[in-house]
Number of protein chains: 2
Amino acid sequence: MDSEQVQADLFDAKCPSRQVLDRIGDRWSVLVVSTLAEGTLRHGEIAGRIGGITPKMLTQTLRGLERDGLARRTVYAEVPPRVEYALTDLGRDLVGLVRQLTRWAEVHIPDVEAARADYDARPTASRK
Amino acid sequence: MDSEQVQADLFDAKCPSRQVLDRIGDRWSVLVVSTLAEGTLRHGEIAGRIGGITPKMLTQTLRGLERDGLARRTVYAEVPPRVEYALTDLGRDLVGLVRQLTRWAEVHIPDVEAARADYDARPTASRK
DNA sequence: CAGCATCCTAGCTGATACTG
DNA sequence: CAGTATCAGCTAGGATGCTG
């Protein structure tokens, strides 16, 4: 395989890890998915559990998840309106990946933070 | 535990998955780490393998990886200057996580794309 | 309650040019 | 060769106010 091929594999939108990161790399997706992991919830319930998310960002995030087949949106024609969100099978599968991320973090983030502190303390290092 | 505590767990910098995503969620870190997985490389060699990355972004990314203890930077006092980069043990471990991301993507991204195409085609859905 | 419209800011990112 | 400095654009993200 030539270098052009390697480049194509790594760069662009072809790189698989890039695709996942583009999907869950934003500020709220992981949080919303994790919250929905506990079951079907309404818009306000999700907001309450997460805390600090604006209605706009929540809706925007949920729309993205719905579009990508990770969450299902159910509207009940009632007054006042009621909208429920739940994970799809695909979404539940994503939870598994998130758990792997979490597990890795719990194990290794301490090392990362130690290295960071060490780096910042070192006067010789090219500091930011 | 009160709702304040739940919020603290999920939000802020405490959520473990958030920490990983903050670290590898940027455009180049995963690419650079994956490239370094093949061995010790010089600045220009990494740039050549990745393609499309500017010197500034590469240096910036490498600095971040070095700071977090994921990569090691070795400067040789020669003329012309030579600087080599290699993964640390921690960095190599991160490669494992990236491979899991990649694996998940390869399996499920097709479903995501199908759902997306379906969603975009549906005229009734609240489209973006 | 759910969520849309609008405005606005901050930070990532990139293009370019220059230095040790 | 490796790295820095500067300028500029894009867009994720947030604040606010209004509607069905």
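Predicted model: local features only at pLDDT ≥ 70, side-chain atom pairs only at ≥ 80, totals over all residues.

Student: How much area do chain A and chain B bury between them?

Tutor: Contact here means heavy atoms within 4.5 Å, and 49 residues of chain A are in contact with 50 residues of chain B. Buried area is the accessible area (1.4 Å probe) that two parts lose on being put together, summed over both. With 65% of it on carbon and sulfur atoms, the area buried between chain A and chain B is about 4,600 Å².

Student: Which residue of chain B meets the side chain of A:Arg67 in a salt bridge?

Tutor: A salt bridge is a side-chain nitrogen of Lys or Arg within 4 Å of a carboxyl oxygen of Asp or Glu, and four of them are counted between chain A and chain B. At 2.4 Å, N to O, the partner of A:Arg67 is B:Asp120.

Student: Which element gives the largest share of the side of chain A that touches chain B?

Tutor: Helices (H or I, at least four residues) and strands (E, at least two) are DSSP runs, numbered from the N terminus. The elements giving two or more residues to this side include α1 (3-10), α5 (55-67) and α6 (89-121) of chain A. The largest share, 20 residues, comes from α6(A).

Student: What is the order of the strands in the open sheet of chain B?

Tutor: Two strands pair if DSSP finds at least two bridges between them, and six bridges join β2(B) to β3 (residues 82-87) of chain B. The edge strands, each pairing on one side only, are β1 (41-42) and β2 (71-76) of chain B. The three strands pair in antiparallel fashion, in the order β1-β3-β2.

Student: Which residue forms a salt bridge with B:Glu38?

Tutor: B:Glu38 lies in the loop between α3 (29-36) and β1 of chain B, and its partner, 11 residues apart, lies in helix α4 (residues 43-50) of chain B. The closest N and O atoms are 2.9 Å apart, and the partner is B:Arg49.

Key: Residues numbered from 1 in each chain as written. Chains lettered and ligands numbered in written order. Heavy atoms only, no water.
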